[in-house]
Amino acid sequence: MNGCALFVIAAWIVIEAIRRFAAPVPVVGMTMLVVAFAGLLANIAAFMVLHRGNRENLNMRGAWLHVMGDMLGSAAAIVAAGVILFTGWTPIDPLLSIFVALTILKSAWGSVKSSAHILLEGTPHSLSPTQIKADLETTVTEVQGVHHIHAWSVTGGRHMITLHAVPAPGVSARDAMIAVQQRLATRFNVEHATIQIEDAECADGHSGTDCDGASSPRHSRSGRTSAC
């Protein structure tokens, strides 16, 4: 919603700017300068507070983008007011407005794209099922193989993983599960993982799947990436 709202705001700015080109109106440069400067100071303060927040959180990023757009608008208004005061050239106002709108659109697209990726349960960019498989099979001695790895996100900073694991000979299912969970938490920052423990034969009986993990990564119907 934050990203979509930015699209609407940017479109509205462009429409109003085009109307100003078609039908110019008088602009009081000094009043515009004072109001824009006051708005810039307020937006800078809000920007500094939000900048210290978690940028991986999409809600925080959306609020940050809103403030950044307001700050750019205030800065553009200050420049436009200065030009109008010294030259009287009023088209500078809609020109800078369009520039600010295009800048906001670029940021808004990134926010909407990231949100859509989460809503469609896409694999997080920071997690590669192939790398997870290789890491677990190399470093976790309690398992001899992992497969059916699926990774997705519920928020920008909270990732989820499901996988099947085959314990090493003589290792209990509980010990293998704990070892995999600990490795996922320390190496990949995944605190919630659902692990299915099984023997060397895949419990789901999917044909063409090598339970020892010899096959290459593929995409499931849900859009998540899996490494079998």
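**Side-chain contacts in a predicted model**

Me: How many aromatic pairs are there?
Reply: The count comes to one aromatic pair. The structure is a predicted model.

Me: Which residues form the aromatic pair, and what is its geometry?
Reply: The partners are Phe-47 and Trp-64, in a tilted arrangement with 5.4 Å centre to centre and 35 degrees between the planes.

Me: Where do Phe-47 and Trp-64 lie?
Reply: Phe-47 belongs to helix 2 (residues 29-51) and Trp-64 to helix 3 (residues 58-87), so the pair ties together parts that are 17 residues apart in sequence.

Me: Buried or exposed? What about Phe-47 and Trp-64?
Reply: Phe-47 is buried, with a relative accessible area of 15%. Trp-64 also counts as buried, at 11% relative accessibility.

Me: On to charges: how many salt bridges are found in the whole structure?
Reply: The search finds four salt bridges. One of them joins Arg-20 to Asp-93, with the closest N and O atoms 3.2 Å apart. Arg-20 lies in helix 1 and Asp-93 in helix 4 (residues 92-119), so this contact ties together parts that are 73 residues apart in sequence.

Me: What does Arg-183 form a salt bridge with?
Reply: Its partner is Asp-135, at 2.7 Å between the closest N and O atoms. This pair links distant parts of the chain, with Arg-183 in helix 6 (residues 173-188) and Asp-135 in helix 5 (residues 129-139). Arg-183 is partly exposed at 24%, whereas Asp-135 counts as buried at 13% relative accessibility.

Me: Last topic: which residue lies over the face of Phe-188?
Reply: That is Arg-187, at 4.7 Å from the ring centre.

Note on methods: Residues are numbered from 1 along each chain as its sequence is written. This is a predicted model: local features need pLDDT of at least 70, side-chain atom pairs count only at pLDDT 80 or more; totals for chains, interfaces and linings use all residues. Side-chain values use heavy atoms; hydrogens and water are left out. Rings of Phe, Tyr and Trp (its six-membered ring) pair if their centres lie within 6.5 Å; planes under 30 degrees apart count as stacked, over 60 as edge-to-face and the rest as tilted. Helices (H or I, at least four residues) and strands (E, at least two) are DSSP runs, numbered from the N terminus. Buried means under 20% relative accessible area, exposed over 50%, partly exposed in between (1.4 Å probe, protein chains only). A charge sits over a ring if NZ of Lys or CZ of Arg is within 6 Å of the ring centre and within 35 degrees of the ring normal. A salt bridge is a side-chain nitrogen of Lys or Arg within 4 Å of a carboxyl oxygen of Asp or Glu.
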